[in-house]
Amino acid sequence: MLHNIRIILVETSHTGNMGSTARAMKTMGLTNLYLVKPLVKPDSQAIALAAGASDVIGNATIVDTFDDAIAGCSLVVGTSARSRTLPWPMLEPRECGVRAIQEGSQGPVALVFGRERVGLTNDELQKCHYHVAIPANPDYSSLNLAMAVQILAYEVRVAYLDHQQEGVLPQEEAPYPLVDDLERFYQHLEQTLLRTGFIRAAHPGQVMNRLRRLFARARPETQELNILRGMLTSIEKQDKH
């Protein structure tokens, strides 16, 4: 279950943060580290700051894109320290841990951390099901990357231990689609809305971003997503006549 929890760092610029993140992960039983296009590769400093968690660094998966890192996941939670122009469904850190364990029993779950200085882009955040913000002191909310990882990894650990003690994990009523399937749906939806003239080719994002938020809130199950895809296909067939 814990192996299904991916900790994803996007475009990390300091190898020390990679090592400190690995240490934070391993203390909580997490080992699955993904690095998206790191500005520098893990080095001796990363190994030194890993302090016994060098295996987490050594086994890290390095990928070129955000999409590669979240591929195959059914739940993606992005960390966001500031409010965005388009508010997204939010989780508290404790809720994040519980959901990660619930869905991690079925398949991969991604907890995504952005660049040290600017965090995640709006485009990356819109590919997440939920955002999570750590309620730090508003007068001094400067958490470094490894601190943020440690807090969420701890909440995952607490939820995992609660599950172990209770012995029964609440199961979701129906499976959720993988993010890959959701992206194909969004592409299908955009193509259909462009073809029918509902959105303009010059500015598709104005509507599509809000539709992404709508479906993120609704969290369609796999069967419901198949129904939506079928509806779009039906519209396409009628449009061809």
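Begin by selecting helix α8 and helix α9 (residues 205–218), which pack at an angle of about 135° with their axes 11 Å apart. Helices here are DSSP runs of H or I with at least four residues, strands are runs of E with at least two, and both are numbered from the N terminus. Axes are lines fitted to C-alpha atoms, for helices over the stretch in contact, and angles run from 0 to 180 degrees between N-to-C directions. The model is a predicted one, in which local features need pLDDT of at least 70 and side-chain atom pairs count only at pLDDT 80 or more, whereas totals for chains, interfaces and linings use all residues. Residues are numbered from 1 along each chain as its sequence is written, and side-chain values use heavy atoms, with hydrogens and water left out.

Are α8 and α9 parallel or oblique to each other? They are oblique, because angles under 35 degrees count as roughly parallel, over 145 as roughly antiparallel, 65 to 115 as roughly perpendicular and the rest as oblique. The crossing of α8 and α9 is right-handed; that is, the near helix is turned clockwise from the far one by less than a right angle, anticlockwise being left-handed.

Next, display the side chains of this contact (heavy atoms within 4.5 Å). On α8, select Glu-183, Phe-185, Tyr-186, Leu-189, Glu-190 and Leu-193; on α9, select Met-208, Leu-211, Arg-212, Phe-215 and Ala-216. The contact of α8 with α9 holds 8 nonpolar, no polar and 3 charged residues. In this scheme Ala, Val, Leu, Ile, Met, Phe, Trp, Tyr, Cys and Pro are nonpolar, Asp, Glu, Lys and Arg are charged, and the others, Gly among them, are polar.

Remain on α8 (residues 179–195) and select Arg-195. With 45% relative accessibility, Arg-195 counts as partly exposed (buried means under 20% relative accessible area, exposed over 50%, partly exposed in between, with a 1.4 Å probe and protein chains only).

Now turn to a second pair, helix α5 (residues 93–104) and helix α7 (residues 145–166), whose axes come within 8 Å and cross at roughly 55°. This pair is also described as oblique, and α5 passes α7 in a right-handed crossing. Among the residues that meet are Gly-97 and Ile-101 in α5 and Val-156 and His-163 in α7.

Glu-11 lies in the loop between β1 (5–10) and α1 (15–27); its phi is near 50°, a positive value in a residue other than glycine. Lys-37 is partly exposed, at 49% relative accessible area.

Finally, select Thr-65 in the loop between β3 (61–63) and α4 (66–70). Thr-65 and Lys-37 are 28 residues apart along the chain, and their C-alpha atoms are separated by 6.6 Å.
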